[in-house]
Amino acid sequence: MIMNLIKNHSLGASVFLLLALLTEAATPKITNVLPRGGQRGSSVEVTITGSYLRDAEEIFFHSVGIKAEKITPVKDTQFKAILAISPEAKLGQHEMRVRTASGLSTMKTFWVGPFPNIAETEPNSEFEAAQKVSMNSTINGTILNEDVDYYEIEVKKGQQISAEVEAIRLSGALFDPYVAILDARRFELAANDDSSLLLQDSVASVVAPADGTYRIEIRDSSYRGASNYYYRLHIGHFPRPLVAFPAGGKAGDQLEVTLMGDPKGPIKKIIQLPAKADPDFGYFSESNGSSSPSPNRIRVSDFPSVREVEPNNNWKQATATELTLPLAFDGIISEDGDQDYFKFKAKKGQKFNVRVHARSVSSALDPVLGIRDAKGKSLKGNDDANNGPDSLITFTFPADGEYFVYVYDHLRKGGPKHVYRIETEAFNPEVVASIPYLRQRDSQSRQMIPVPRGNRVATIMNVTRRNFSGELEFLANNLPPGIVMHAPKVPANLTQVPIVFEAADNAPLTKSLVDLRVLHTGANGKKIEGGFRQNLDLVYGPPNNRTYYVSTLDRLAVAATKKVPFSIKLLKPETPIIQSGSMSLKVVAVRDANFTAAINVRLLTRPPGIGASSSINIAAGKTEANYPITANGGAGIGTWQIAMLAAAKTSHGEVLTSSELVDLVIEPPYLKVKINMSAIERGKEGEIICDLEQLRPFENEATISIFGLPAKVTSIPQKIDKNATQVVFPITSEPTSRAGLSKTLFCSVKVPLGEHLLNHSVGQGGQLRMDNPPPAPKKPTVPKPKTVAVAKPPKPKAQKPLSRLEKLRLAAKESAAAGTN
């Protein structure tokens, strides 16, 4: 189990798209378990609510110590059970599932504590109406909107009062609790919202100053609440240290530890560390038979540790060691402004992850990490890493010699609880297998394998290699009886493959937690081995729907379930698919007599360069369908194993089955074609000449056609044989075809193989220019005769009108002339 603020998962968009298109199957789901926990060494009746639970047969856990003794159905969505919790069951979170006759449920957590459990009793929302409880007890309660719950206890002077809350860790709502310890006068003796020990969950502890009545207050820090704001409040005399120093040690050693933060002062213990490395090892403090409900984290490593010796505040005063990497360095940033240096030796070319653990071991430190060379020159540094406050440097040492690693607080703060542990881990090869998320923010759907009797179910399995490349194979340990796994090897250039689980007709209806291993064997026989990992994002919230609480599982739940009314077969292709080619895969449904519903099928994974429809349907009442696929020009040549996944609605909801693994062979093309550029006139005939290069021989005659011609331009297919070096396509165009240059011509060739034809495209990018007809010749023109312009007589000038005086004079003149005559 891991508590942390973590980064969002990043997976390939194509995988999300493929899986998100799958409709929800009839997967049993657990939405609630009440009460949310119980006492170690007791039996508790729980009510389990969810969906598709009517045929529940078994409750099982991913850890040891809890068994279901009785299952009593209530209704289709609910049943009751008696859980027997062993006295040896570990304290804390246990991951549980339900096996029904028809499926495996999603995971839900159940918590085990050290104290007797009691239920909250309302009304207890007023200080004066607090619910009376005994010390060393656990209350299972709920916070409604603006609700505050109070609990009353009686304590003697000098006794320790500790209150610890499990709220956000119960994997329900984003419940950020606040807890306070109050005296009879309502004076707050201790209070806590978030803590370095439990992150969003709260813890408070005091020593009672006097005999008397005390109250514990619990609420949401923002006074929010709802019917699913569940909490488990532990109230008792238990010790409650907040951090351990040193924060780790070497596997198998006895470690002297100082546990700090308890109100009674530091607690010194000698702890026997486990024989194997365990980064999540926890120590539960005990006093007078009372145990803390949550542990203090102590990292157990395979390498020795070096503890700081003050003063070591600069590189000249660094705590030095003659030990060689890998190492751990332990210390405390004990006061404001403090920084710690360590000196060590490294060899040229050594590559290490240098990581400082602070928040991951419940420290208040926000560490900044750095590396310097022998002269104090800074080489590399880091503040936050992996979306959290702890820091990480991946570093290759450039030369033999001495180096320094240093750490300080981001805000230059310090104090006795500012503990850190710097670990140097060799950059070794690693491999991890996982099932991709069905959709973003869904870490549970399709993460378990229910296999119907006499049938198959397939899943996509991702592999993540680090620091190596090579082929991988899968091994499955502890499969349920009657179930076998079919898994192809994973080529070095792939990161996912389909895996098929198959159940016999008479497989017992039972389950197993399978230890799925991934193995690489090098040419020198050296093995690199990893396992399965499921990260469960259990609580989301603002900002940006980030993940607040996560749990990790390392076993794959697999079960045989009752028969379903159909199965599918993927017929092995009778021919290979050619690069730049296409084909149809034939899928056949085998139906029970009365089952006629449509069946949705899809190709679960696609070999490199293969394209396919998202899914197709085998129509209601039908028994087969063709699934078209294509191969691009760079499709991976070779034999690849593929499988189809099918989903259909039944009387129990939707169920999944799959085909078996089938070989798909991808081969290179038979021909290489060069389409020579051609030009013809609109409305005329012409030809396109293609040069052929035979890449592989074939029998009989192949048919080659040209495509991509402009509209209203046509050609006819041609026949070629294995000796052909050229093919000529006659071209006919209509007068109304459009002029211009076409650059998308290509050829399609159908090569005979027995009774089948192999289709593939060749000669991409050919060009054809369509020209307009030349203009018609111009008619000769007859020159027009020249015309001579005839001069027109000038117009007489208009005479100026005579004035009255001029008229009299003219009349007199004319009269005188007449008298003379």
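Which residue in β6 is the bridge partner of P73? In this predicted model, the bridge partner of P73 is F79. Strands β5 and β6, the latter covering residues 78-85, run antiparallel and are joined by eight bridges. Both strands belong to an open sheet of four strands, arranged in the order β1-β3-β6-β5 with antiparallel pairing. The edges of this sheet are β1 (29-34) and β5 (66-75). Each edge strand has a single partner strand, so one of its sides is left without a neighbour in the sheet. From one strand to the next, the twist averages 30°. Strands of a sheet pair through backbone hydrogen bonds, in either the parallel or the antiparallel sense.

Confidence in the prediction was examined along the chain. The mean pLDDT is 92, and 94% of the residues reach 70 or more. Over residues 1-25, however, pLDDT stays under 50. For this stretch the model has 75 contacts beyond four places in sequence.

Strand β15 (residues 177-182) pairs with strand β16 (residues 188-192) over four bridges.

R412 has a phi near 60°, although the residue is not a glycine. R412 is placed in the loop between β37 (401-409) and β38 (419-426), and its relative accessibility of 38% makes it partly exposed. N478, likewise not a glycine, has a positive phi of about 70°. The loop that holds N478 runs between β42 (473-477) and β43 (483-486). Most residues other than glycine have a negative phi, and most peptide bonds are trans.

Cis peptide bonds were examined next. E122 and P123 are joined by a cis peptide bond with omega of about 0°. P123 is in the loop between β10 (117-119) and β11 (131-132). The peptide bond from P542 to P543 is also cis, and its omega is near -5°. P543 lies in the loop between β47 (534-541) and β48 (546-553).

The largest nonpolar core contains 58 residues. The residues with the most contacts inside this core are F474, F501, L556, I599, V601 and Y627. Beyond its neighbours within four places in sequence, V601 is in contact with I568, V587, S615, I616, I618, Y627, L645 and A646.

Cysteine pairing was then considered. A disulfide is a covalent bond between the sulfur atoms of two cysteines. A search of the whole structure finds zero disulfides. For C690, the nearest cysteine sulfur is that of C747, 4.2 Å away. C690 is in no disulfide, because the cut-off for the two sulfur atoms is within 2.5 Å. C747 is likewise in no disulfide, and its nearest cysteine sulfur is that of C690. Both cysteines are buried: C690 has a relative accessible area of 0%, and C747 has a relative accessibility of 0%.

Terms used
Residues are numbered from 1 along each chain as its sequence is written. This is a predicted model: local features need pLDDT of at least 70, side-chain atom pairs count only at pLDDT 80 or more; totals for chains, interfaces and linings use all residues. Side-chain values use heavy atoms; hydrogens and water are left out. A nonpolar core is a set of buried Ala, Val, Leu, Ile, Met, Phe, Trp, Tyr and Cys residues joined through side-chain atoms within 4.5 Å. Buried means under 20% relative accessible area, exposed over 50%, partly exposed in between (1.4 Å probe, protein chains only). Contact means heavy atoms within 4.5 Å. pLDDT is the predictor's confidence in each residue, from 0 to 100. Two strands pair if DSSP finds at least two bridges between them. Helices (H or I, at least four residues) and strands (E, at least two) are DSSP runs, numbered from the N terminus. Axes are lines fitted to C-alpha atoms, for helices over the stretch in contact, and angles run from 0 to 180 degrees between N-to-C directions.
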